[in-house]
Amino acid sequence: MHKPISFVAIGAAGAAIALSFVAVSVAQQPQSVGRVAERASEQPMTGSSAGVDIIDVEISECFAAREWGRVGSYPTGYAAFAISTQSHNVGTVPVEWYTPGAIGQVLDNRHPFIGQNMYRLRDGRLEQIGQAFIKHGFFSENAMCDPQPDGQHLGVGCFDTYDTVSNQIQQYLGPRSEVNPQTGYWEPCGSHFDTGLIGYPASDPGDCIRTHGTSGHTVTEHRLSVYDQDILDADANTDLFIEGFYIVAGDENTANNWRHERTQLDYDFGLSRWVFTDIGPQVLSPVIEQWADEFDYTLPAADGDAIVGLRVVDLGSGFYRYEYNVYNMDIDRELESFSVPINDGINLFLLGFHAHPEDEEVLYSMSDWTPTVTTDAITWTPPAPDTNAGEDFSNTIRYGTMYTFWFTTDVAPSAAKVALTHRKPGADGTITAAVSAPCSLLADINGDGVVDTADLGVLLSQFGTMGPEADLNGDMVVDTADLGQLLTEFGSNCFAG
Ligand SMILES: [Ca+2]
Ligand SMILES: [Ca+2]
Ligand SMILES: [Ca+2]
Ligand SMILES: [Ca+2]
């Protein structure tokens, strides 16, 4: 159910997004990125892209990670990595790729932003084990295309590669929180590059001129840091993955902005560092999509996309381990609760949670989310709001970040909807995703998570027959006993939130 590419919605957002190479500076003003276009792909296609300026960058490679230093000794420290990413302009107009600027220069925000993540899959459980600060694009090499524009634009059809050298340069790695993943907008004035500060209100409000460069960082700072122990746990039952993504202002199609690859890490005692081997394949999606037995994009999607994935491990003897992952792809409003519908009185065991310390852990609380079980749901939430200098630094799920939730129960999965809530205010405080849960409704004959007139229609059509679908009590006939069961459950659903 990967979202197909579509340009249908350009009409809807067209006035703002019909940009031209010559006249418009995309990133200088916040504007909506292509979520509307994606969701419109669920509508019938009614138009053509001919003659319309379309910004669309695809991540064409994600591979060849490398270690760039460590804190602490192997195997009890952590190492800093960078991965290689390549972009491809598959739109119809060149895309701005201006450098943010060197020390002493006025900062420029007209460039894309690149995320780098690492994951571990072990015994069915997928966990994020590292993420880097967001990389600011600074030059396009414009390979394999003609004509080739200057390095300040990624030309139509052109490729640009950031190898592990480029993606580890600390003066181009800034706090993720400074970039709005929805609009692709970054405010340079008062930013980390301007003041050297991260996230806090600066005592010096900044002069929009770069003051902070590469010097002053530890070897691991801002880079994709991963604990040795998280890698060492790797064995025959473990896979490691790297993931890259591009945030591009005005990108009409974000379904092609995420790519991941299975990789292997071995510690080389001669080199005194981890060495990667690409395993492949490279897949054009976030890791969660490949891992999940079932997944769904959250709706409504006006504020960006999150994915909820589920893998159910059948433990035998009627027990199941539910593994949920919630991945905030590009929602600026952050996520601060996750709710799974359950049967009343359900037996629950071994509830768990995992979150990797985020890149800005110096600021954000990393206290575990805790579950609250009610008669109809398990809801995980972070601890009470944690503030610093008047700002809320609670442990929410910020963009490019995946949190993991699990439990064991004796109820098999059924169709359901899980729910998430945004932290920042706005419309649609709650968003939902259609993935299964241990929430069974006997009379949900059509398996859509609710007992309603559709199920009643099926029952009535089979009334007096052997069913079989509407024979709810299994006595080989659909009769008033089954109807009574349906009416008892009528209106019930397995929708959280
Ligand atoms: Ca794109
Ligand atoms: Ca400055
Ligand atoms: Ca139903
Ligand atoms: Ca019956």
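These legends go with a set of close-up views of a predicted model.

**View 1. The whole chain, before zooming in.** The protein has seven helices and 27 strands. Of its 497 residues, 46% are buried. Take the contacts with a separation of 6 or more: 68% of those in the protein come from residues 24 or more positions apart.

**View 2. Helices α6 and α7, packed against each other.** Here α6 (residues 453-461) and α7 (residues 480-489) pack at an angle of about 180°, and their axes are 11 Å apart. That angle makes α6 roughly antiparallel to α7. On the α6 side the meeting residues are D455, L456 and L459, and on the α7 side they are D482, L483 and L486. Sorted by class, this contact has four nonpolar residues, two charged ones and no polar ones.

**View 3. An open five-strand sheet running from β16 to β20.** The strand order is β16-β17-β18-β25-β20, and the pairing is antiparallel. At the edges sit β16 (294-297) and β20 (348-354), each pairing on one side only. From one strand to the next, the twist averages 15°. If you follow β16 to its partner, you reach β17 (residues 306-316), and the two pair in the antiparallel sense over four bridges. A handy place to look is D296, which stands opposite V308 in β17.

**View 4. Another open five-strand sheet, from β21 to β27.** This one is ordered β21-β22-β19-β26-β27, with antiparallel pairing. β21 and β27 (430-433) each have a single partner strand, so one side of each is left without a neighbour in the sheet. Ignoring direction, neighbouring strands are turned by 20° against each other on average. At the β27 end, four bridges join it to β26 (residues 418-422), with the two strands running antiparallel. One bridge to pick out puts T421 together with T430 in β27.

**View 5. The β21-β22 hairpin.** Zooming in on the other end of that sheet, β21 and β22 form a hairpin with three residues between them. β21 (residues 370-373) and β22 (residues 377-381) run antiparallel and are joined by four bridges. T372 has T379 in β22 as its bridge partner.

**View 6. M118 and its surroundings in the nonpolar core.** The largest nonpolar core holds 102 residues, and those touching the most other members are F81, M118, I288, A306, V308, V326 and V418. Leaving out residues up to four places away in sequence, M118 touches F81, I129, G130, L224, V226, L240, F241 and I242.

View 7. D146 and P147 are joined by a cis peptide bond with omega of about 5°. P147 lies in the loop between β6 (134-136) and β7 (153-154). The bond from G280 to P281 is cis as well, with omega near -5°. P281, however, is placed in strand β15 (residues 273-283).

View 8. D123 is not a glycine, yet its phi is positive, about 50°. You'll find D123 in the loop between β4 (113-122) and β5 (125-131), and it is exposed, with 9 other C-beta atoms within 10 Å. C208 also has a positive phi, near 70°. C208 lies in the loop between α3 (192-195) and β12 (224-227), and it is partly exposed, with 17 other C-beta atoms within 10 Å.

Conventions: Residues are numbered from 1 along each chain as its sequence is written. Chains are lettered from A and ligands numbered from 1 in the order in which they are written. This is a predicted model: local features need pLDDT of at least 70, side-chain atom pairs count only at pLDDT 80 or more; totals for chains, interfaces and linings use all residues. Axes are lines fitted to C-alpha atoms, for helices over the stretch in contact, and angles run from 0 to 180 degrees between N-to-C directions. Angles under 35 degrees count as roughly parallel, over 145 as roughly antiparallel, 65 to 115 as roughly perpendicular and the rest as oblique. Two residues are in contact if their C-beta atoms, placed from the backbone, lie within 7 Å. Ala, Val, Leu, Ile, Met, Phe, Trp, Tyr, Cys and Pro count as nonpolar, Asp, Glu, Lys and Arg as charged, and the others, Gly among them, as polar. A residue is buried if 20 or more other C-beta atoms lie within 10 Å of its own, exposed if 12 or fewer, and partly exposed in between; C-beta atoms are placed from the backbone. Two strands pair if DSSP finds at least two bridges between them. A nonpolar core is a set of buried Ala, Val, Leu, Ile, Met, Phe, Trp, Tyr and Cys residues joined through C-beta atoms within 7 Å.
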